Amino acid sequence: MQETVASEKRHTVNGTYPRFTLGDQLTEEQLQFFETYGFIHFKNFVDRETVAEMLKESQRVQDQWIKEGRKMVNGVPIKFGTDVDGKTIVQRFAFLNHFAPIFETFLKEPKLKALFEFIGAPDSRIGENEKDGLVFNHYVNTANSNFSQLGWHTDALRDIFYGNKIMPMLNVGLHFDASSPENGGLRILPGTHNKGIATLLFRKVYYLSNKADKKEIGLTVEPGDLTVHDGRIWHRVAQSPFVGEKSRRRVMYIPIISGKYQPRDENSKPLFYQRFQSLTDK
Ligand SMILES: O=C(O)CCC(=O)C(=O)O
Ligand SMILES: [Fe+2]
């Protein structure tokens, strides 16, 4: 235990943390790092050409959605905003995998299956049709941007709102822009993924708090890097101190999930929090 605390400090004090390379199978070291901290960072998961092609495809789908006036995908609202040049953009896509083959193919990448071992559930799978499917976030700081930061939260809270037992899940991020803590970006509170229900519910005020925490780690990523975080870990996206082009940050997430199969389709309605009471059902 003491050892864990000491190494946690070492990893947080100067904001550094080790990077790994994902092979066909997770190594003992990778499994241990993830178990201790609840997140992990793999370098160069896809090459620069793939990054460029994915960005191009996201823009194609964006323009198509804007043209057809689409507001939702499978009941999940699309977030629109304004870019530095005044152009309307999509700032949060859901189920993007259903709109471009390159993303559909990415979800089939065999190496992603190696990540299943982080949750160890026999029914682990990539959420192609569940949750929000493949999510693509586009943050940019402009006068009319609607999306430049995201308050403290865990991704597992959603399970509680939907009246489900919290099932093991991972959020796997593929990064498209270079980003370091000085430019905002993902902040993680290491080790908060396995501290029980009180931590999960009350460590921060969900989505309302944006305040830096002295124990948070800011990720430093380059295009093509892959990060994985446990669904129960506390994290936020810090606003870039810059405006305009320099603040641009694009990242996509795919959920690796387990438990009851709960697909969404075009008939799905936006979900509200009406089933909150069943939180205590086990
Ligand atoms: O943009 C990110 O890196 C994180 C986004 C996030 O936490 C979320 O959408 O739940
Ligand atoms: Fe999140």
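The following legends describe close-up views of a predicted model.

In this predicted model, local features need pLDDT of at least 70 and side-chain atom pairs count only at pLDDT 80 or more, whereas totals for chains, interfaces and linings use all residues. Residues are numbered from 1 along each chain as its sequence is written, and chains are lettered from A and ligands numbered from 1 in the order in which they are written.

**View 1. Overall fold of the protein.** The protein comprises six helices and 14 strands, taken as DSSP runs (helices H or I, at least four residues; strands E, at least two) numbered from the N terminus. Its radius of gyration is 18 Å, close to the 19 Å given by the globule rule for 282 residues, so the protein is as compact as a globular protein of that length. The radius is taken over C-alpha atoms, and the rule is 2.2 Å times the number of residues to the power 0.38. Buried residues account for 36% of the 282 residues; a residue is buried if 20 or more other C-beta atoms, placed from the backbone, lie within 10 Å of its own, exposed if 12 or fewer, and partly exposed in between.

**View 2. Strand β14 and its pairing partners.** Eleven of the 14 residues of β14 are buried. Strand β7 (residues 135–141) runs antiparallel to β14 and is joined to it by six bridges, with histidine 138 partnering arginine 250. Two strands pair if DSSP finds at least two bridges between them.

**View 3. Valine 172 in the largest nonpolar core.** Of the 52 residues in this core, Leu96, Leu134, Val172, Val228 and Met252 touch the most other members. Strand β14 (residues 244–257) gives the most to the core, with six residues. Such a core is a set of buried Ala, Val, Leu, Ile, Met, Phe, Trp, Tyr and Cys residues joined through C-beta atoms within 7 Å. The bridge partner of valine 172 in β14 is isoleucine 254.

**View 4. The shell around ligand 1.** Ligand 1 is surrounded by Asn137, Leu150, Asp155, Gly173, Leu186, His235, Val237 and Val251, each having its C-beta atom, placed from the backbone, within 6 Å of the ligand.

**View 5. Glycine 86 in a loop.** Glycine 86 lies in the loop between β4 (79–82) and β5 (88–93). With 9 C-beta neighbours inside 10 Å, glycine 86 counts as exposed.
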